[in-house]
Amino acid sequence: MLSDFSFTPPEQILKGLKSGMQTPNMKKDPSGEKSESSSLGKMSGSMGKSSPAEVIAQKWDDQKQMLVRTMLRAPEAEIDVKYDALLANRRTLDDREIISVNAGESVLLRLIAASSNQNFYVDTGTLEAELLAVDGKAVQPIKGNFFQLGVAQRLDLKVTIPIEGGAYPILAQGEGTKLLCGVVLVTKEASVPQLSRTAAVSTAALDNTQEKRLRALNPLPDHPIDCMLQAAIGGNMATYVWTINGAAYPNRKSLDIRGDERVGISFSISTNMGHPMHLHGHDFEVVEIDGEKISGALRDTLMVPPGSRMTVAFDADNAGIWPLHCHLLYHLDSGMFTVVKYGGADTKFWQPTAQAKAFARSN
Ligand SMILES: [Cu+2]
């Protein structure tokens, strides 16, 4: 279980974000002028983007037919919260969990991004892994030793411990940071190496390299989309308000469907930051990425990278009012939340014009 940790309380982080103080990658314009143009009404490229440098990214290796790590000259990923540490099973790499394994056996690792606001790259190092499922749904197995994992997503990786045994770190590096966390798989009598909590270089933004390759093992039955919905992802960094179709919670516009139909949701994005979009109550299939039709992964959280257009489809067979939101919790808390609403759903608790209430803290 991967998570992010800060010594700063979340209320204070959010306050900082809303007052524009907390943009960690923000480079001050040497002229002293604010380079952010307020006329854009969306996050500007000049705001947080660092100048291109060597960063870690993921690529598909055609020769080896697997997902691998690569180095790129690209801007470091834009992130809005900088954490003090990343944790795997609640521990830093100084106190990493040692998992005993046997030489020659295969091990299934389920990685869960249980972080508040931090996306990850997962590095299995010298162990070649087979990606068997995303978000708990089987995909056609795909090989790799470097994977992408957005907040709330899950990856099932099968690795085989070499017959000679040894110590095998499974590491995760945060998107847009040098911070690392991980566990070590260790066979009897193997010595566990010291591991640094930081990598030498940062990482690029998550992209569609992996998602484009994924194919559901059990795709949705063939059926055209009956009802296509649009979800335009937007945000304003100056006010730190994040929107879906221009609306911010609680004044959200619901995405209305009839029910008993194949529903598509087309995501477009006008921010420089990617967003892991999570739908409750359904698994959807990724059916189109940047104009390319695919029979992609079945999942419940879709990472929508900057500049991309992605369409998912699902069968509306679970009547109700279901949240659709960004799983970066500071975005969720700052408006990036709407619902998919079935016709005839019980709207007793549906108050789209109500004002947000502060939740009383019981702890
Ligand atoms: Cu978001």
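1. A residue is called buried when its relative accessible area is under 20%, exposed when it is over 50%, and partly exposed in between, using a 1.4 Å probe and protein chains only. By that rule C326 is buried because its relative accessibility is 0%, and H331 is buried at 0% too.

2. A word on the basis: this is a predicted model, where local features need pLDDT of at least 70, side-chain atom pairs count only at pLDDT 80 or more, and totals for chains, interfaces and linings use all residues. Residues are numbered from 1 along each chain as its sequence is written, and side-chain values use heavy atoms, without hydrogens and water.

3. Now find the copper ion: its protein donors (N, O and S atoms within 2.8 Å of the metal, or 3.2 Å for Na, K and Ca; water is not among the atoms, so sites may look incomplete) are H275 (ND1), C326 (SG) and H331 (ND1), at 2.0 to 2.2 Å. Along the sequence these donor residues follow the spacing H-x50-C-x4-H.

4. Next, the cavities: a cavity is a set of points on a 1 Å grid over the protein atoms alone where a 1.4 Å probe fits but cannot get out, and lining residues have an atom within 4 Å of a point. Volume means the space filled by probe spheres set on the points, which are joined across faces, edges and corners. The whole structure holds 2 cavities of 30 Å³ or more.

5. The largest cavity has about 70 Å³ of space, and its lining includes Q148, L206 and M303.

6. The second largest cavity, about 50 Å³, has M273, G274 and L328 among its lining residues. Domain 1 (2-213) and domain 2 (227-362), with bounds from an automatic or database domain assignment, both contribute to this lining, so the second largest cavity lies between them.

Note on methods: 1 Å grid on protein atoms, 1.4 Å probe; cavity = no way out; pocket = protein on both sides within 12 Å on 5 of 7 lines; lining within 4 Å.
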